[in-house]
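Dear colleague,

Please find below the structure that I am handing over to you, with its sequence. My notes on what was found in it follow directly after.

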Amino acid sequence: MNLGGQRTWLFHESDVSPAALESLKPMISHSWDDATVHFPRTERKIDGQFHAIRSTEFSSSLKDMLGDDVLNLGVKANKITDHTVTLEDGTEFHGKCVLDARGAEELPPAETNGFRKHVGYDITLEAPHELTSPILMDATCPQLDGLRFFRLIPWDETKLLIEETFYSDSPDLNLDRISKSVRAYVERRGWKIKTIEKEERNVIPLPLTSESIRVSVTGEPIPIGARAGYLHATTGDALPDAMRFAELITKIPQNPKIPEFTTSTARDMLSRLRRPWISRQRFYRLINRLLFQASEPSLRYTIFQSFYALPEDTISRFTAGKTTWADRVRMLGGKSPVPLSVAMKHFSERSAAERAAVVKV
């Protein structure tokens, strides 16, 4: 059994700090010097290092670091407190600091969220595909269920991961239809499938307002990662925030002002960071409202088409969650695919919450 399940994480090198990149290097499955995007009116190469981590390398790297004696795979945690973890087989572990990274408990309501969802297949072709770098988005396809695009990640000359991705109003996945459409996409590119090694799927809620991520970090146990909503609000990528959190946690024992690293000190730290983190995500939630509320579902691709026409440093700061005010003006000004008169109706989170009949707490 793999730690991380069946997942592949693709990230820009600029998404993480140099120190975080060093810690990730043993897990990296493949790297490229650039990637491309394809839209009906735009086709572009994006320069810069891109890296992919497959769950197989992620799992084997962690097993090498931690050792099998501290890992318990295939067993659910029935109860978690500040200092204990009780598994379903009755085994109990004790620790000074306990963090809950089991993923989201359930999907939040569609009234206050959009959804990025995908199904991917690791495929071996009968002949070389001739791709030299990833295709981040190929939206030159019929727009169904909101924004729809394919992502291609080449592993070698005949093996690649093909994902069909949607920015949808619904979390539902029609697996039979997606399987057929991926095969049809492969045929349109002139390829023939030899074997399909594995399937991966994921549904990520994308918040429209801050109310969508009101997960308590003051209760017991402390949620982290996707369980606490720590992900890029628009892309749904959790890896950059996970690495920032890991770097922060590892610095706590080195802080002379903190006498002991416990669940209590971690809770205090997260409580102080939670509000500014939610605030920093405000712009990305606005982009989500423009995607899911201000745009026609079949035209959502035009927002990303416009985005990928921007300077590369603007793109890299956006994916890293470090967008500047100048970037925001650049993204919302000029030839925005959403008319300003329409966009203005969606600027306020309060108005969006009221439209969704959300009671502010």
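**Overall fold**

Of the 361 residues of the protein chain, 48% count as buried, where buried means under 20% relative accessible area, exposed over 50% and partly exposed in between, with a 1.4 Å probe and protein chains only. Please note that this is a predicted model, in which local features need pLDDT of at least 70 and side-chain atom pairs count only at pLDDT 80 or more, while totals for chains, interfaces and linings use all residues. Residues are numbered from 1 along each chain as its sequence is written, and side-chain values use heavy atoms, with hydrogens and water left out.

The secondary structure of the protein chain comprises 11 helices and 13 strands; helices (H or I, at least four residues) and strands (E, at least two) are DSSP runs, numbered from the N terminus. The radius of gyration of the protein chain is 21 Å, which agrees with the value near 21 Å for a compact globule of 361 residues. That radius is taken over C-alpha atoms, and the globule rule is 2.2 Å times the number of residues to the power 0.38. Along its principal axes, the C-alpha trace spans about 55 × 50 × 35 Å. Among contacts between residues at least 6 apart in sequence, 72% join residues at least 24 apart, a contact being heavy atoms within 4.5 Å.

**Aromatic pairs and charges over rings**

A pair of aromatic rings is described by the distance of the centres and the angle of the planes. A search of the whole structure finds 12 aromatic pairs. Rings of Phe, Tyr and Trp (its six-membered ring) pair if their centres lie within 6.5 Å; planes under 30 degrees apart count as stacked, over 60 as edge-to-face and the rest as tilted.

One of these pairs is W9 with F58, a tilted pair at 5.2 Å centre to centre and 50° between the planes. W9 belongs to strand β1 (residues 8-12) and F58 to helix α2 (residues 55-66), so the pair ties together parts that are 49 residues apart in sequence. W9 is buried at 19% relative accessible area, and F58 is partly exposed at 21%.

The rings of W32 and W155 also form a tilted pair, with centres 6.3 Å apart and planes at 40°. This pair links distant parts of the chain, 123 residues apart: W32 is in strand β2 (residues 30-38), and W155 is in the loop between β10 (147-154) and β11 (159-168). W32 is buried, with a relative accessible area of 5%, and W155 is buried at 10%.

A single aromatic cluster is formed by F39, F283, Y284, F307, Y308 and F318. Two of its members, F283 and Y284, are among the buried residues of α6.

A charge sits over a ring if NZ of Lys or CZ of Arg is within 6 Å of the ring centre and within 35 degrees of the ring normal. The charged end of K117 sits over the ring of F166, 5.9 Å from its centre, and R274 lies over the face of Y230 at 4.8 Å from the ring centre.

Helix α5 (residues 263-280) has 18 residues and should span 26 Å at 1.5 Å a residue; its end C-alpha atoms are 25 Å apart, which agrees. The expected span is 1.5 Å times one less than the number of residues. Buried residues of α5 include R267, L270, R274 and W277, and the cover over its buried residues includes β7 (99-100), β13 (222-223), α4 (239-251) and α6 (282-294).

Helix α6 is mostly covered, with 11 of its 13 residues buried.

**Individual residues**

L161, in strand β11, is buried at 0% relative accessible area. Its contacts beyond four places in sequence include T8, Y121, I153 and W155.

Most residues other than glycine have a negative phi. E130 has a positive phi near 70°; E130 lies in the loop between β8 (113-125) and β9 (135-138) and is exposed at 71%. D145 has a positive phi of about 60°; D145 lies in the loop between β9 and β10 and is partly exposed at 39%.

Yours sincerely
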